[in-house]
Amino acid sequence: MYYIDLAVTGISFGCMYAMMSVGLTLVYGLLRILHVAHAAVFALGAYVTVLVANATGSIALGFLASIIVTPLFGMAIYRSLYEPLLKYRPDVPMIASVGLLVLMQDAFRILFGEQGVTFRRNAFAFTTFNFAGVTVSAVQIAIVITAAVVFLGLHLFTTRTRIGIGWRATVSRPQIAASFGIDPIKVRYLNFAIGSALAAVAGGLVALMNNLVDPGIGFVVSYKALAIIVLGGLGSVRGTLIASLVLGLVEAYGTIFIGAWLDRDAIAFLALIVLLMLRPQGFTGARTA
């Protein structure tokens, strides 16, 4: 049962990493930019969720507010930061993105304090269920269900709607998509809106799990997310999902064998280094000569 508990923990963390990392994958697939400031969107979503939940007494309203605010912020990042820099080398917008992340972290620290903020009422953090001897928290269930619903909805959107099909076409064949009248600028805004909403949901769920949001909440997660999209194969959503789940499970089970020497985050980065050494092209990439 202990190993099953670890599997549940690993899957829940993997789902959280997936919701965070898919936004990075979407941006890279479309613009070939490493969107490091995505971690600031993640943190913003967490802060908005907590602040609105505390003000209204409703966690659901907190998530709704974050899903409204963060897409607007994500689109503003594209319009004011990335769009003017697309004519330069890819490392230029990436450096600007790192600068924005540092700026946002300092802004959160100034506005909300070094210690961060917590939910005033958060029954989810302390509610657990027992299924045949396996203990599962309400937050873990919420993370897995939310991830399943979100990615199923994203799949249906990109395969069953004209907007979604146009979006996929722009990512894979931008010139052909433009020849059919698809506006690439609108697709870019949609990309940032969807990716930011996913990051907001992930941030809010992590805030629920930890019952705390501090200025550095997106710091370690951002490094993991960048490594995940490389491990999954740059621009591959399917590879990102696989890499996220693998990382979550490796973290969980790694605590048994080397947890006495390394903490959870160190285990994750060690696993990522080893996996990238063994398969540098990623899970879904093709090996080149």
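Analyst: Start with a term. A residue counts as buried when its relative accessible area is under 20%, and as exposed when that area is over 50%. The model here is predicted. Take helix α2: 15 of its 19 residues are buried, so α2 is largely enclosed by the rest of the structure.

User: What backbone feature comes just after α2?

Analyst: Look at G57. Its phi is positive, about 80°.

User: Now helix α3. How do I read the directions of side chains along a helix?

Analyst: Use the helical repeat. An α-helix has 3.6 residues a turn, so residues three or four places apart point the same way. Now the case here. L61, L64, I68, V69 and L72 form a nonpolar patch on the surface. Together they have about 440 Å² of accessible area.

User: Is L72 buried or exposed?

Analyst: L72 lies in helix α3, residues 59-82. Its relative accessible area is 53%. The cut-off for exposed is over 50%, so L72 is exposed.

User: And T70, buried or exposed?

Analyst: T70 also has its place in helix α3. Its relative accessible area is 0%, so T70 is buried.

User: Which residues are in contact with T70, leaving aside its neighbours within four places in sequence?

Analyst: There are two stretches to look at. One holds V41, L44 and G45; the other holds S196, A197 and A200. V41, L44 and G45 fall in the range of α2, residues 38-56.

User: How do I judge the overall packing?

Analyst: Begin with the radius of gyration. For 289 residues, a compact globule would have a value near 19 Å; the protein has 19 Å, which agrees. Its C-alpha atoms fill a box of roughly 55 × 50 × 35 Å along the principal axes. Buried residues make up 46% of the protein.

User: What share of contacts joins residues at least 24 apart?

Analyst: Consider contacts between residues at least 6 apart in sequence. Of these, 75% join residues at least 24 apart.

User: What about the surface?

Analyst: The accessible surface is about 14000 Å². Carbon and sulfur atoms account for 69% of that area.

Terms used
Residues numbered from 1 in each chain as written. Predicted model: local features only at pLDDT ≥ 70, side-chain atom pairs only at ≥ 80, totals over all residues. Heavy atoms only, no water. Patch = residues over 30% accessible without salt bridge, like charges linked within 9 Å, V, L, I, M, F, W, Y side chains within 5 Å. Areas by Shrake-Rupley, 256 points an atom, 1.4 Å probe, with all protein chains shown as cover. Salt bridge = Lys/Arg side-chain N within 4 Å of Asp/Glu carboxyl O. Helix = DSSP H or I, 4+ residues; strand = E, 2+ residues; numbered from the N terminus. Buried < 20%, exposed > 50% of the residue type's maximum accessible area, 1.4 Å probe, protein only. Rg over C-alpha atoms; globule rule 2.2 N^0.38 Å. Contact = heavy atoms within 4.5 Å. Expected span 1.5 Å × (residues − 1).
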